[in-house]
Amino acid sequence: MAPRSDDEFEAALERSDDRGLLARGLGRSYGDCAQNAGGTVIDGPASAAITDIDLEAGLVTATAGTSLDTLMRTMVPLGFFVPVTPGTRMVTIGGAIAADIHGKNHHHAGSWCNHVVSMRLLDGTGTIHEVTPGGDPEVFWATAGGMGLTGAVLDATIAMKPIESSLLSVDTDRAPDLDSVMALMVDGDDDYDYSVAWIDLIAGGSSMGRSVLDRGRFATRDEVVAAGVADPLEFSTSQLPSPPDLVPSGLLNKASIMAFNELWFRKAPSSRVGNLQSIEKFFHPLDMMSDWNRIYGKRGFLQWQFVVPDEAHEVVRRSVERLSGEGISSFLAVLKRMGPGNDGHLSFPIKGWTLALDIPVTAGLDVLLDELDEMVVAAGGRIYLAKDSRVSAELMPAMYPRLDEWREVRAKLDPQGRFRSDLGRRLGLL
């Protein structure tokens, strides 16, 4: 269904059956959080629109189906950037709230919902709530990271980040192993707004965890003008052709990924300071290739992301050792630091380390990841629900200890359980 007004959203709620309904954004989640098999799915982007901009306060109000891409195309030329962005711009405001997304600046800025000033929420009774963090913290924080199961976000007001240019000043360091890159991040991340390390998951021995660490901030107007940039706030993107739909699953194997990783590591400078990079190059390189997921072929892939507290940093090493030792290949494995979490009952971030990787599906992968899940949870960590497709429901209470508290809030908002999803059913959230 594609409702375009509050009345049409309410009508969609009334027409939902026992399989319930779920608001869906751009469908870029890796798992089943935006799926509702046999039920109703609301097409959020059908009503995408920016409804108000307050340049003096740095606030933008938009409907839930509005994408971060649209926000950037509108707001960057006006001197504002989104407060948080994941590795793609193809995320809606509603999806960003439902997953409480995070990015390369979590150690400095927290996650998306730390910057939501207010939102309107249609709950399961048909009531529309005006929700703010201070006015109704229980509903606000149950919805922040609540995977769309407390209701449908209709629109939200976001506090944007002021910028003087659309370019980032990026420092790069090549680290020979995992210990080196983690030491660099501990010692220096506080000096940077954004930080992310690409890890070569295949490298073993003394090179295990060798990395390319990129850290940066938005460049000032003076810096980009001095570099010859005529329009400091110009925002542009580019896109390569989509891979063919018939890529053989075997094309992306350990040998080809090893060759890619070797090239990627060697092409990075051993140390470079102040390189100017576009928003797309620094934040969203995969958006440059349409349908990039096709490179995995019909066998497909999954993404696995965990976070552990600082004191459990050895889990990062043991995970990389196990994955590398088992011959698991990935060309996209990234390590980031996280700052303190917020009050979201099901929000993912906690202060510590987060490792995320795309993995081609292979025999035995499920058994290995089950083992690693147990290790993460035993160390006080958790798996990111927005990217999950396979974690055991039995681990949910340990990963998210405020789950029962969240269920109580949800029961008040949706006593008949109208908002449902495949993820909610799989993990026993409902």
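Student: Where is methionine 147 placed?

Tutor: Good place to start, and keep in mind that this is a predicted model. Methionine 147 sits in the loop between helix H5 (137–143) and strand S8.

Student: And what is phi like there, at methionine 147?

Tutor: Phi of methionine 147 is near 55°, a positive value in a residue other than glycine.

Student: Is methionine 147 buried or exposed?

Tutor: Methionine 147 counts as buried, at 7% relative accessibility. Aspartate 100 is another residue to look at: its phi is positive too, about 40°, although it is not a glycine. Aspartate 100 belongs to the loop between helix H3 (93–99) and helix H4 (106–109), and it is buried, with a relative accessible area of 0%.

Student: Let's switch to the sheet. In what order do its strands come?

Tutor: The open sheet has 5 strands in the order S3-S4-S8-S6-S7, with antiparallel pairing.

Student: Which strands stand at the edges?

Tutor: Those are S3 (50–54) and S7 (128–131). Each has a single partner strand, so one side of each is left without a neighbour in the sheet. Neighbouring strands of this sheet are turned by 10° against each other on average, ignoring direction.

Student: How many bridges join S6 to S8?

Tutor: There are 6 bridges between S6 (residues 116–122) and S8 (residues 152–159), and the two strands run antiparallel. As an example, methionine 119 stands opposite alanine 156 in S8.

Student: Which helix packs on the sheet?

Tutor: Helix H1 (residues 6–15) does, touching S6, S7 and S8, and its direction makes about 50° with that of S6.

Student: Which residues of H1 are buried?

Tutor: Phe9, Ala12 and Leu13 are buried in H1. They cover an arc of only 100° around the axis, which puts them on the same side of H1. Asp7, Glu14 and Arg15 are exposed on the other side of the helix.

Student: What covers those buried residues of H1?

Tutor: The cover includes strand S1 (21–24), strand S2 (40–43), S6 and S8.

Student: New topic: how many disulfides does the structure hold?

Tutor: The count is 0 disulfides. Cysteine 33, for instance, is in no disulfide, and its nearest cysteine sulfur, that of cysteine 113, is 14 Å away. A disulfide would need the sulfur atoms within 2.5 Å. Cysteine 33 counts as buried at 10% relative accessibility, and cysteine 113 is buried with a relative accessible area of 2%.

Student: How about salt bridges, how many are there?

Tutor: A search of the whole structure finds 29 salt bridges. One of them pairs aspartate 32 with arginine 426, with the closest N and O atoms 2.8 Å apart.

Student: How many residues apart in sequence are the parts that this pair ties together?

Tutor: They are 394 residues apart, because aspartate 32 lies in the loop between S1 and S2 while arginine 426 lies in helix H14 (residues 422–426). Aspartate 32 counts as buried at 11% relative accessibility, whereas arginine 426 counts as partly exposed at 26%.

Student: Which residue does glutamate 262 meet in a salt bridge?

Tutor: Glutamate 262 meets arginine 266, at 2.9 Å from N to O. Both are in helix H8 (residues 254–267), 4 residues apart, or about one helical turn.

Student: And what about arginine 317, which partner has it got?

Tutor: Arginine 317 forms a salt bridge with glutamate 321, their closest N and O atoms being 3.5 Å apart. Both lie in helix H10 (residues 314–325), 4 residues apart. Elsewhere, salt bridges that share partners join Asp69, Arg73, Arg89, Glu280 and Asp287 into one network.

How values were computed: Residues numbered from 1 in each chain as written. Predicted model: local features only at pLDDT ≥ 70, side-chain atom pairs only at ≥ 80, totals over all residues. Heavy atoms only, no water. Pairing = 2+ DSSP bridges. Axes fitted to C-alpha atoms, helices over the stretch in contact; angles between N-to-C directions. Contact = heavy atoms within 4.5 Å. Buried < 20%, exposed > 50% of the residue type's maximum accessible area, 1.4 Å probe, protein only. Arc of directions from axis to C-beta. Salt bridge = Lys/Arg side-chain N within 4 Å of Asp/Glu carboxyl O.
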